[in-house]
Amino acid sequence: MPAAASPYLATPLKSGIPETRLFELLPGLETSPVSGKLSRHNLDDDKHVNPPYDALSYMWGTTGGAKTIQLNDDGNFKVTSNLAAALLALRLCDQPRLIWIDAICINQNSTHERSEQVQLMRKIYQNAATVYIWLDVELDLNCPALRKLLTFDDNSIDGDLGTDATFWEPLYPLFKNPYWMRVWIQQEISNAADLAIQCRNVILPIFNMYHFLRLASSKFSSGDINTPTWIDWVDVYPNIHLPSRFGFLDSQHRPLQGSTLSTTDLNLLGVLATSFKLQCTDDRDRLYGILHLANDYSEGDLTISYNYSVKETYTSVTKFVLRKYNSLNFLLYAGQNWRFPDQESALPSWVPDWRDPSTRIWIAYWPKFENAVPRFLSLFKPSFSDDDAILNAYGMRVDRIDQISNFPESVELYNTPISVFLDACKSIVGKPRSNQIRTSSEFDTDDDFNLPQWHAFACTLAAVDNFKHEDADAHSKLKQVCAMSADALVKVSRIAETRTEERCPTMLDIIQMKSMDNEPGGIFDSGATFAKLAWGVIGKHQPFVGINGGIGLALKSAVAGDEVWMILGCDKPMILRPMGAYYLVVGEGYYDGVNRGELMKDIPECIEFGDMIGGYRVESLELR
């Protein structure tokens, strides 16, 4: 008996048009084998011409224990056990169901077809009548938690959740399902016109789920991290974020903004930076799986091909940003792995590695992109080498790192006495004076905490320039608050030194303190504002002093001898490592006095290579 022809040969897809296949899942009883057939479907055709279809969003699962279904004439078509279970749950007993499923509708053995179909994902899920989320769990239909869940709506309030987090334990398999942490499902959910959660024995409306998540998120975010109640809700809080439009029953009046990653629309770099914790099997899918969530991506902006290597795929993002925005802000996401600085990478140092969360940065705002070409970039246009190994750019060398202070890790910092923390600060605060000529007033004091450098260092350690970026007045006030709070911490430490019979307070003690007048940096602030901000920075960063006396922050992979650069086309300072004739990117930096674009404001109308900007010479540099 001749072998059955491939079901894909009978339904070839035409190139150049938005065509896909649909799977007609034939009706059957619960115990009967699954069978169906494929047909072609033009996504641009009017919906009145094409029959409505649904789409499936699911985890592929492991290939072990694969099941077989009848697909066209092929009675031995393999699907994963998770998909086989989904088909049984979705199958109707009295009529066929037309549905799009990637593992069935795309020829997975064709790299060319996979590459072309990925570009249609947005349309496929937008055009589907309902996107069914498959979770292979069985829920007790009489469970009080499930019954309560199905009552949530836009009128529900925080109190409707109750005070006992354990009440929701029966729904843990629903909330904590690994499905929610997959890369691909983000754009499938975010682009859906309508959603439903298909479990083994029940279909849950997304409307109720959205409002439960809204309340759970509020419970979680408003909790006090020092109370047992907050700890309980950490276990309940789902790994899920749903776009706000699913909180509206009327689909005609749903807001369009937002996705599973953010309540607002993000550009491509923002989406990539936000999704780094999500999981995928193919590293190239870290880009391909989220492309259709980026508000600045249009079809054809990037070539999608599974023939490309990971290096070629990630490098294409840098070219996209430079081509679309005349910007090098992708450098803010590049650099060495600060946890393993000696680890070799297959990528050039200037190409962000979206696989590794250890290299992520802490910018508190997404870089702003403008369509207009900055005048200096028209004169000093960056370029790539033919083999994409080198990025040629221009910039100003601001300083070279002279001394680095290694503060405790974030967790260790909790238990560090404030006197020990301030001693470490003092070692850095005094360093700039040793590199520069002291003023007469500085010779008159032995107290480094009475010098202007202390306030500059405190604001640097708290990275205040990364906050209130576009509001000059609010930013100035934040710096004042941070400086006052840092002074308050010094006072608390000195008072503690006089009380030798008492334990010196730790940084955690300070962080837990509440200002008596509820005014950060106010007269009764015990240093908590400064301590909280600094704790958020120290986890991955270390303060340094440059040979010019400047103070800054760098990732913990930085070493003495690394240089601080303002690269034309990049919003923030970068730490680069000189390697003779070229440089390696260490990572984003922070340098007092240049973080808010101060140097770029001084660029004259006419500028040439070698000119001075803000006291620094414009130079060329080669990044590898």
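Colleague: What should I know before I start?

Modeller: This is a predicted model, in which local features need pLDDT of at least 70, side-chain atom pairs count only at pLDDT 80 or more, and totals for chains, interfaces and linings use all residues. Residues are numbered from 1 along each chain as its sequence is written, and side-chain values use heavy atoms, with hydrogens and water left out.

Colleague: How many helices and strands does the protein have?

Modeller: Helices (H or I, at least four residues) and strands (E, at least two) are DSSP runs, numbered from the N terminus. Here there are 21 helices and 19 strands.

Colleague: What share of the residues is buried?

Modeller: Buried means under 20% relative accessible area, exposed over 50%, and partly exposed in between (1.4 Å probe, protein chains only). Of the 624 residues, 52% are buried.

Colleague: How do I read a sheet?

Modeller: Strands of a sheet pair through backbone hydrogen bonds, either parallel or antiparallel. Two strands count as paired if DSSP finds at least two bridges between them. In this model, nine strands form an open sheet with mixed pairing, in the order S5-S4-S2-S1-S6-S3-S7-S8-S9. Its edge strands are S5 (74-79) and S9 (203-205), each pairing on one side only.

Colleague: Which strands does S6 pair with?

Modeller: Strand S3 (residues 54-57) runs parallel to S6 (residues 97-100), joined by two bridges. There, aspartate 54 stands opposite isoleucine 99. S1 and S6 run antiparallel, with three bridges. Glutamate 24 stands opposite leucine 98 in S6.

Colleague: Which residues of S6 are buried on each side?

Modeller: In a regular strand the side chains alternate between the two faces of the sheet. In S6, Arg97 and Ile99 are buried on one side. Leu98 and Trp100 are buried on the other.

Colleague: Which helix lies across S6?

Modeller: Look for contacts, meaning heavy atoms within 4.5 Å. Helix H1 (residues 81-90) lies across several strands, including S6, S3 and S7 (131-134). It runs at about 125 degrees to S7. Axes are lines fitted to C-alpha atoms, for helices over the stretch in contact, and angles run from 0 to 180 degrees between N-to-C directions.

Colleague: What span should helix H15 have?

Modeller: The expected span is 1.5 Å times one less than the number of residues. H15 (residues 418-429) has twelve residues and should span 16 Å. Its end C-alpha atoms are 16 Å apart, which agrees.

Colleague: Which residues of H15 are buried?

Modeller: They are Ile418, Phe421, Leu422, Cys425, Ile428 and Val429.

Colleague: Why is H18 called largely enclosed?

Modeller: Seven of the ten residues of H18 (residues 452-461) are buried, so the rest of the structure largely encloses it. Among them are Trp454, Phe457 and Leu461. Just after H18, alanine 463 takes a positive phi of about 50 degrees.

Colleague: What does glutamine 126 touch?

Modeller: Glutamine 126 lies in helix H4 (residues 121-127). It is partly exposed, with a relative accessible area of 36%. Leaving out residues up to four places away in sequence, glutamine 126 touches Asn191 and Ala193. Glutamine 126 and alanine 193 are 67 residues apart in sequence, and 5.7 Å apart in space, C-alpha to C-alpha.
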